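This report walks through selected features of the structure shown below.

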Amino acid sequence: MDLVARVRAGDLDAFESLYREHAARLYTLACRMAGSPEDGEDLLQEIFLQAYRKLGSFKGDSSIGTWLYRLALNHCLDYVRSRRAKMNKLTETLDADNSFEPTARRESPIARMDLERAVERLPEGCREAFVLHDVEGFDHKEVADLLGIAEGTSKSQVFKARMKLRGFLRGQR
Amino acid sequence: MRLTPVVVLAALAAGTLPAGAQDVPHRHVVRVLRAERMGAYQGRDRGPEQTDRFSRKVKLGRDGRVSIGNVSGDITVTGGSGDEVSIEAVKRTRGDQSQLANVRIVVDDRPGRVDVRTEYDSGRFTRNNNVSVDFTVTVPNGASVEVKSVSGSVKVTGVRGAVRGETVSGDVTTSDTPRVEAAKSVSGDVTLSGIQNDGDLSASSVSGNVRARGVKAHALDLGSVSGDLAVSDVTCDRLNAKSVSGGFEYSGSIARGGVYDVNLHSGTVRFVLANPTGFELTANTFSGSIRSDLPLTIGGTSGAGRQRGANNRSMRATFGDGSATLTVRTFSGDIVIAKR
Amino acid sequence: MHPTEEALNAYADGSLTAGEAAEIELHLGACVSCRQLVDDLREILRATSDLDLREPPVRVWPRLERAIHLERQDGAPRTQSTDADDARSKGSPAARPTATRSRVVFAGLAAAAAAVVLATAVGIRYLPGRHGDTVGSRPPIETGAQASATGAAEAVESELRQAETHYENAIKGLEQIANAEQGALDPRTAATLQKNLAVIDQAISESRAALRSQPASEPAQASLIENFKTKIALLQDTVALINEMRKGNEAGAARIVSGLKEKGN
């Protein structure tokens, strides 16, 4: 019996296998979309609970990994939408406060932890677009669909996020 | 919070709640909470205070870790120059001198860390709580410190590493200690000043006030059940504040794109903001009022069809560029947005 | 004349045409600050593509397992699907359930209460400021366009009763644990916790009274839920503290304080 069928039949060990295989990917997505590992952790639990309940509706027309990812993404998007200020408002005010005098050429590559931390600090609005486009690899049209915004807005949000990251990583707020 | 549509709940006004609906009784738990008669609490010894002193110095290095765990008694930690941990402790009892020997002060000395704790011989708190131990500890000022007492106050001054200070019954006070991560009490006040923390600060009490002055942090988490929350000269990116019977005041600045959530029951929420670039405000109060010195544009954007326009008690409004998010709820208190 | 930052950004991620890119390259040959920006952006893109997967904390699986067991006990359907879920699992945001004439998605008090109880039972931190009803799926109550006011009132009444039942169960569960532990708190702490439970009860009373007088009031509804959650959290922490004290683990008792009022307990 394959894994999904076993879970449907109530085999919790099978569900644990599913969890072990996919949790890291979904947790990583949740942390970055939500902006903190604490929220990411809670989202992860909810995602898998929901997955457990809804496994009955998995038709097998995609891989189980893709199905889980979509479920997780939708869950993260719901969470993000219910919290943030409206993105449209933000696009009108791409801040100019990222300008500063360039100093020495960048010496060392950006450390992963620093970048993760900087991504968490991104304001909501541009963070989701950045995560979906630059991290998860969706194109601007797809990001626009997922977030319910215009394609141009997705482009400007991603631009804004990159500039903010540049500011953070150079030690500015 | 997406809640029941208006039309459905309107019928409630007809008083159709079941007769048995009452507050969930907690008397069962309360019975359990009431302390059993314990020998230690009877016949309090009234003799003269007997004391015993303890003194130890341990080399640590500039940025090691120090932990102090106590049961009954105050803990005072000060950051100093130098690279050693200097521990002074005073055991006290009003009972017999011999009781002092029942409590040992244990110092674990390992590379990069020093752990100090009190150990009670019988292993049960209740039998020996007529002996208290007060600690006065000096640590290298770059050390990180974790301090815990059960019945006693905690005070940390001038320590630059990461600091956590917690007690069940007593005050927690820090000053000139920039990287406080957690400061908590159950029955006591939490008072902090001079925080400069790249990360998160969590400060709470159950029955006591939480006050912080001069705070710069990424995320602030403030809570009390019956106590006030007040932060002044503050700037942070995120805020979560909650109290049941107490007020909230935030005097400082908010960050662009910051997220600020406040939830009170009977207290007043007061934001005094210095030059905010903008925020979107969602404010709700049942019986209080909402007012603002800053000019607000009423009405958010699409919202889930619950937009009823502004009334005195429920509002979505925008100021400036709307970049930060303020979500403020109080049941019977007022909501005030003032400018500095 | 410098290119705009947006143009440099597009250049850095390769989304310009060959002609546009060539123009920019020409400028970069002679301009330090623009080159710096492009280098930085490219480094950010490189580092972003190099980000790790994060491992979730170990505690997540045991909590999930507990949650599933609890659900099974409740007799909740183990796996279920709805049309809306099907649409959503296809990844289309446009297929989100919305209120229609024939179906009202009822994110009521009971669902929120059940969610909280489930969450606290398995140790999920409740985060105030989030929608309390996003934990778990919402049980939709179908009310047709012809639903009578009485029918609707009954639905709400039953929602409230369900909510109370859920909270009562949580309290009872906590009581059982507390009883088994034979309260080991010192009188002062016990009195403090007792007093604060009373403060919360008072707040709950006020919220209920408000809800009776103005059932449509969102602040009243929200405050009732919020106060229930605060009460559960305090009870839970009290029990944990009692446990630690009983074990004679004073240092552990102090550690429990870390959990007290930690946002969102």
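## Chain C overall

In chain C, 63% of the contacts with a separation of 6 or more are between residues 24 or more positions apart; two residues are in contact if their C-beta atoms, placed from the backbone, lie within 7 Å. The model is predicted, and local features need pLDDT of at least 70, side-chain atom pairs count only at pLDDT 80 or more, while totals for chains, interfaces and linings use all residues. Residues are numbered from 1 along each chain as its sequence is written, and chains are lettered from A and ligands numbered from 1 in the order in which they are written.

Chain C contains 10 helices and zero strands. Helices (H or I, at least four residues) and strands (E, at least two) are DSSP runs, numbered from the N terminus. Of its 265 residues, 43% are buried. A residue is buried if 20 or more other C-beta atoms lie within 10 Å of its own, exposed if 12 or fewer, and partly exposed in between, with C-beta atoms placed from the backbone.

## Helices α1 and α3 of chain C

Helix α1 (residues 5-12) and helix α3 (residues 32-49) of chain C have axes that come within 9 Å and cross at roughly 50 degrees. Axes are lines fitted to C-alpha atoms, for helices over the stretch in contact, and angles run from 0 to 180 degrees between N-to-C directions. The pair α1(C) and α3(C) is therefore oblique; angles under 35 degrees count as roughly parallel, over 145 as roughly antiparallel, 65 to 115 as roughly perpendicular and the rest as oblique.

On the α1(C) side the contact is made by Glu5(C), Leu8(C), Asn9(C), Tyr11(C) and Ala12(C), and on the α3(C) side by Cys34(C), Leu37(C), Val38(C), Leu41(C), Arg42(C) and Leu45(C). By class, the residues of this contact between α1(C) and α3(C) are eight nonpolar, one polar and two charged. Here Ala, Val, Leu, Ile, Met, Phe, Trp, Tyr, Cys and Pro count as nonpolar, Asp, Glu, Lys and Arg as charged, and the others, Gly among them, as polar.

## Chain A

Helix α2 (residues 12-34) and helix α4 (residues 64-81) of chain A pack at an angle of about 30 degrees, with axes 10 Å apart. α2(A) and α4(A) are therefore roughly parallel to each other. The contact of α2(A) with α4(A) has 14 nonpolar, two polar and no charged residues.

Leu132(A) belongs to helix α7 (residues 126-135) of chain A. Leu132(A) counts as buried because it has 27 C-beta neighbours inside 10 Å. Not counting residues up to four places away in sequence, Leu132(A) touches Phe138(A), Val143(A) and Leu146(A).

## Chain B

The average pLDDT of chain B is 81, and 80% of the residues score at least 70; pLDDT is the predictor's confidence in each residue, from 0 to 100. Over residues 123-128 of chain B, pLDDT stays under 50, and the model has 17 contacts beyond four places in sequence for them.

Ser169(B) sits in strand β10 (residues 163-169) of chain B and counts as buried because it has 21 C-beta neighbours inside 10 Å. Leaving aside neighbours within four places in sequence, the contacts of Ser169(B) include Val150(B), Val186(B), Arg188(C) and Thr189(C).

Lys242(B) is in strand β15 (residues 229-243) of chain B. With 28 C-beta neighbours inside 10 Å, Lys242(B) counts as buried.
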